[in-house]
Amino acid sequence: MSNLESEPDELLASGATITTERTPLEILLPRLVPLGGPRAMTVHRTLPQRQRSTIGAWCFLDHYGPDDVSATGGMRVPPHPHTGLQTVSWLFEGEIEHRDSVASHAMVRPSEVNLMTAGHGISHSEVSTTEVTVLHGAQLWVVLPEKSRDVLPFFEHAVPEPFDIGGATVRVFVGDLAGRSSAVSVFSPLVGAQIDLPAGIDVSIPADPSFEHGILVDTGSVTVCGEPLGRRELGYLDPGRDDITLRAAEPSRILLLGGTPFGEPFIMWWNFIGRTHEEIVEFRAEWQRDVIGAADPDGRFGTVGGYDGRALPAPELPTVRLKPRAAPTRS
Ligand code: MN
């Protein structure tokens, strides 16, 4: 008999299942990004990065805090635009006031999800409230698939009901996990959940085998399917798993993100997602013309009511053409 490696094609063609050791956890290290200006915070960015631009349709992940913002006067992000994506705000501590161009006015609070579907175009401002001394949370974006990316903008708020999986406390803030669903809208198969892990026991989280997953450690340290993952790191797991085993040495808090691999090439530049260079150029031109140049409430990005101050001008476009990035395939 020949060994298994010598005739892999024949074995696959026969329909045999080859059991191999699972591909190990791919660790994505955070990049420190000083947001500067009025936000005056340094965030830990794990998506996008050269190595990987998406996990499911999750395409942006900033993890920040706990930061004492009392000295800097808090976070103050003037009105700015978005297209072709959803923003997901999830806080562990603090409070942020949200206003947008579809007349939403809402508070972002710990364990409450604020989801803004930008679609065709929206603008919004984010300001930490005056009582806030500490900000701690995650800012996430979801790229919209072609069929939904031009939907009219809308805003949703929901408070996920915590539930138990094997001793861990789970809050599903986007999509579905273990038969629980978030109330906010998704446009591709997705999960976003906070999982609070007790120390010293294996917790098995059921997984959709068609999903790829990312695990971000907010506090503590965990092993994911037996492999160590440190604070602020994002661990990537490829599709094909029925469950994800988590174990914490000390009480730990993680975010679990997942979805079916996105597949569509897209361009992300500044706060816009589009499909072509020309489209991004047009979004920028409309923002500069209708909002920075003049307040046109009928323009693509509308106007943000109730914000005291000027909107954020777009940066200059790079001199090279923007090229779409496809989700990387893992060999
Ligand atoms: Mn924004």
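Predicted model: local features only at pLDDT ≥ 70, side-chain atom pairs only at ≥ 80, totals over all residues.
## Nonpolar cores

The largest nonpolar core contains 37 residues, of which Trp58, Leu61, Val88, Leu140, Phe173 and Val174 touch the most other members. Two or more residues each come from β4, β6 (85–93), β9 (113–117), β11 (134–143), β12 (154–158), β14 (168–177), β21 (234–237) and β23. Strand β11 makes the greatest contribution to this core, giving five residues.

Apart from neighbours within four places in sequence, Phe173 is in contact with Trp58, Val88, Trp90, Val113, Leu140, Pro160 and Leu255, among others. Its contacts also include Ser182, Val184, Gly192, Ala193 and Gln194.

The structure holds 17 salt bridges. One of them joins Arg52 to Glu26, with the closest N and O atoms 3.4 Å apart. Arg52 is located in the loop between β3 (42–47) and β4 (58–68), and Glu26 in strand β1 (residues 26–28), so the bridge ties together parts that are 26 residues apart in sequence. Arg52 counts as buried, at 3% relative accessibility, and Glu26 is likewise buried, with a relative accessible area of 12%.

A further salt bridge pairs Asp202 with Arg247, the closest N and O atoms being 3.1 Å apart. Here the link runs between strand β17 (residues 202–206), which holds Asp202, and strand β22 (residues 243–248), which holds Arg247; the two residues are 45 residues apart. Asp202 is exposed, at 51% relative accessibility, whereas Arg247 is partly exposed, at 35%.

## A salt-bridge network

Glu264 and Arg275 form a salt bridge through their side chains, at an N to O distance of 2.9 Å. Glu264 occupies the loop between β23 (252–259) and β24 (267–269), while Arg275 occupies the loop between β25 (272–274) and α2 (277–293); the two are 11 residues apart. Glu264 is partly exposed, with a relative accessible area of 24%, whereas Arg275 is buried, at 12%. Through salt bridges with shared partners, Glu264 and Arg275 belong to one network with Glu146, Arg149 and Glu279.

## A buried glutamate without a salt bridge

Glu233 is placed in the loop between β20 (227–229) and β21. Glu233 is buried yet forms no salt bridge, and the nearest side chain of opposite charge, that of Arg232, is 10 Å away.

Which residues is Glu233 in contact with, leaving aside its neighbours within four places in sequence? These are Ile27, Leu28, Leu29 and Pro30, together with Ile215, Leu216 and Val217.

How values were computed:
Residues numbered from 1 in each chain as written. Heavy atoms only, no water. Salt bridge = Lys/Arg side-chain N within 4 Å of Asp/Glu carboxyl O. Helix = DSSP H or I, 4+ residues; strand = E, 2+ residues; numbered from the N terminus. Buried < 20%, exposed > 50% of the residue type's maximum accessible area, 1.4 Å probe, protein only. Core = buried A, V, L, I, M, F, W, Y, C linked by side-chain atoms within 4.5 Å. Contact = heavy atoms within 4.5 Å. Lys, Arg positive; Asp, Glu negative; His and termini not counted.
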